[in-house]
Each structure stands twice: as structure tokens, then as C-alpha cells.
Amino acid sequence: MNFMSDALNADLISPLDIGKTCAALYSRVFSRLVTRHYNNKLAETGLRITQFSILNAIKLYPPNSINELAELLGMERTSLQRTVEKLISKGLLQTKPTGNKRSLGLSLTAEGEEIYSEALIKWEEAHKEFTDLVGEDDWAETTRKLRRYSQKLQKTL
């Protein structure tokens with residue numbers, strides 16, 4: 001019995017190994033730091049980076065539904081819905097008929113366009129600081145890898 005328990009324990013990964021290698025841990029720590037960096041720059045616009053990213057995605061690919069937008073952004077639909085509702089209540093987004101009675105599209109209001117333009121300037125400042133810090137070429141390579149990893153993971157979900 002002792003031999004079995006020792007053999008099982010030998011195969012277990014140590015907390016130190018987890019701390020050194022866990023993709024979820026490192027990606028979340030990095031994500032939180034990057035989020036704080038961008039949020040600090042965007043603060044005077046009243047937007048957070050998540051909200052800015054939603055506005056940007058809607059400008060880039062106007063969605064026909066919240067599900068379509070959630071898929072594009074890799075977000076849970078319920079979390080996205082809460083943020084979209086806040087942006088609608090702030091007067092930055094509006095819903096619009098898509099022709100499908102079960103779906104409403106989203107678009108920026110005139111105020112949303114104005115705030116987006118202001119935030120874009122702050123985003124550019126934050127992004128330049130970030131790429132200056134980590135290296136533009138390194139970041140370009142990292143984004144390519146992250147997109148590839150995301151595509152691979154998406155197939156498993």
C-alpha cells in the first residue's frame with residue numbers, strides 16, 4: 001500500500017511546477033497588467049479597454065447579433081451582454097433591426113463615434129508605450145502566436 005501511494009505521488013506535478021508553467025496563470029497575470037495599462041490611458045474618456053474593444057469590433061465588423069459579436073471577441077455572451085447594455089445606457093451604442101426578427105444588430109451612436117475617436121487617440125498612446133516596452137517586433141510575433149494558439153484552443157471548446 002505504501003509503495004502504491006509513493007508511486008502515485010511521484011507522478012503528481014508539484015505546486016512549483018504549476019507556478020512555473022501554467023498557461024492560465026501566466027496569461028491571466030499578463031492580461032491583468034496589460035488591461036490596467038490600457039485602462040489607465042483610457043480613463044479620461046470614460047471607457048475601459050473592454051468597452052473600447054467592443055466599440056472597435058462593432059466598427060470593424062458590425063454584428064447581426066450579440067452571439068456573433070461574442071464569437072468575434074471570444075467572450076461569453078452573458079458577460080458581453082452586460083457590457084453592451086452599459087454602452088447602450090451611456091448612449092454610445094444603439095440596436096438596429098437586422099431583418100431577422102430574433103436578432104438585433106449594433107452600431108455606434110453619434111456620441112459613441114465621438115467617444116471612440118477620443119479613446120482611439122488614448123489607445124494609440126497606450127499601445128505605443130506598450131510596444132516600446134516589449135519591443136514592436138517581439139509583440140508582432142507574439143500576437144501571431146497568440147492568434148494561432150487561440151484558433152487551436154477554440155477547436156477544443
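Predicted model: local features only at pLDDT ≥ 70, side-chain atom pairs only at ≥ 80, totals over all residues.
Me: How far is the C-alpha atom of Phe52 from that of Tyr116?

Reply: Those two C-alpha atoms are separated by 7.1 Å, while Phe52 and Tyr116 are 64 residues apart along the chain.

Me: How should I read a nonpolar core, and which residues touch the most other members of the largest one?

Reply: In soluble globular proteins, nonpolar side chains tend to be buried together. A nonpolar core here is a set of buried Ala, Val, Leu, Ile, Met, Phe, Trp, Tyr and Cys residues joined through side-chain atoms within 4.5 Å. The largest has 26 residues, and Leu47, Leu69 and Val84 touch the most other members. At least two residues of this core come from each of helix 3, helix 4 (49-60), helix 5 (66-73), helix 6 (77-89), strand 2 (104-108) and helix 7 (110-134). Helix 4 gives the most, with 6 residues.

Me: On to charges. How many salt bridges does a search of the whole structure find?

Reply: Side chains of opposite charge can pair when their charged atoms come close. The criterion for a salt bridge is a side-chain nitrogen of Lys or Arg within 4 Å of a carboxyl oxygen of Asp or Glu. The search finds 6. In one of them, the side chains of Glu44 and Lys122 meet at 3.4 Å, N to O. This pair links distant parts of the chain, with Glu44 in the loop between helix 3 and helix 4 and Lys122 in helix 7, 78 residues apart. Glu44 is exposed because its relative accessible area is 66%, whereas Lys122, at 17%, is buried.

Me: Which other residue forms a salt bridge with Lys122?

Reply: Lys122 also pairs with Glu125, their closest N and O atoms being 3.7 Å apart. Because Lys122 and Glu125 are 3 residues apart in helix 7, about one helical turn separates them. Elsewhere, Asp132 bridges to Lys128 with closest N and O atoms 2.9 Å apart. Both Asp132 and Lys128 lie in helix 7, 4 residues apart, about one turn of the helix. Salt bridges that share partners join Glu44, Lys122 and Glu125 into one network.

Me: Finally, which residues form the nonpolar patch on the surface?

Reply: Patches are made of residues with over 30% relative accessible area and no salt bridge, joining like charges within 9 Å and nonpolar side chains (Val, Leu, Ile, Met, Phe, Trp, Tyr) within 5 Å. Accessible areas come from the Shrake-Rupley method with a 1.4 Å probe; for residues, only the protein chains shown count as cover. Leu25, Tyr26, Val29 and Leu33 form the nonpolar patch, with about 360 Å² of accessible area together. Val29, found in helix 3 (residues 23-42), counts as partly exposed because its relative accessibility is 39%.

Methods: Residues numbered from 1 in each chain as written. Heavy atoms only, no water. Buried < 20%, exposed > 50% of the residue type's maximum accessible area, 1.4 Å probe, protein only.
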